[in-house]
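The sequence and the structure are shown first.

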Amino acid sequence: MKHIVIGSVFVLYPLIVFLGLKWIEPTYIALVLIFLACLRFYYSKASINIPFIKVVGINIIILLMLSLFNNSSFLLKLYPVVMSLSFLSIFLYSLAKPPSVITLIASARDKLTINAVEYTKKVTLVWCVFFLINGSISLVTVFLSDEIWAFYNGLVSYVLMGVLFLGEWIVRKRFKKNDQSDYIT
């Protein structure tokens, strides 16, 4: 239960920052978020060992500490950018040094065929493109109004991610149905 509560705080991060900045100094928001990020980092128990995934948490804690010491709303608003770039880096690295992130996730659930491994590499590449575009748009919103920043990073980016998940799920169902290749042993 504590994982869900702490995790939902970071899903609601844009809303928390948007509303918090109306009444509270960025330093205090950053302090609370550092505490929650440390709790999340401490309690996270990944069922799948993805290389360098802890780097995402470390990057976020560093960003929040910079915001704390600089009393910077600008740095607080960079959170979605840092998240996207961190995941982009991990996913790209996994393409250069296989297995890819999506291959690791898929192989934890199912036995993969040779074609499935190739498919998961392509899905990893699609996520790389998503993280690059999402991070770029998130960066632009940092320089726009707080309302636009919160709207894109707190709603639009999650909807786009959901559309990508749904689209990939539909394609994967068709792929599995038509895949006749051998299983990897």
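What follows describes ring pairs in a predicted model.

## Overview of the aromatic pairs

When the whole structure is searched, ten aromatic pairs are found. Two of them, F87 with F91 and Y119 with F175, are described below.

## F87 and F91 within helix α6

The ring centres of F87 and F91 lie 6.4 Å apart, and because their planes meet at 80°, which is over 60 degrees, the pair is classed as edge-to-face. Both residues belong to helix α6, which covers residues 79-96, and they are four residues apart, about one turn of the helix.

F87 has a relative accessibility of 22% and therefore counts as partly exposed, whereas F91, at 8%, counts as buried.

## Y119 and F175 between two helices

Y119 and F175 form a stacked pair, with 4.6 Å from centre to centre and 15° between the planes. This pair links distant parts of the chain, since Y119 lies in helix α8 (residues 114-142) and F175 in helix α9 (residues 146-178), with the two residues 56 residues apart.

The relative accessible area of Y119 is 13%, so this residue is buried, while F175, at 21% relative accessibility, counts as partly exposed.

## A cluster of rings

F87 and F91 also belong to a cluster, in which ring pairs link these two residues with W127, F130, F131 and F165.

How values were computed
Residues are numbered from 1 along each chain as its sequence is written. This is a predicted model: local features need pLDDT of at least 70, side-chain atom pairs count only at pLDDT 80 or more; totals for chains, interfaces and linings use all residues. Side-chain values use heavy atoms; hydrogens and water are left out. Rings of Phe, Tyr and Trp (its six-membered ring) pair if their centres lie within 6.5 Å; planes under 30 degrees apart count as stacked, over 60 as edge-to-face and the rest as tilted. Buried means under 20% relative accessible area, exposed over 50%, partly exposed in between (1.4 Å probe, protein chains only).
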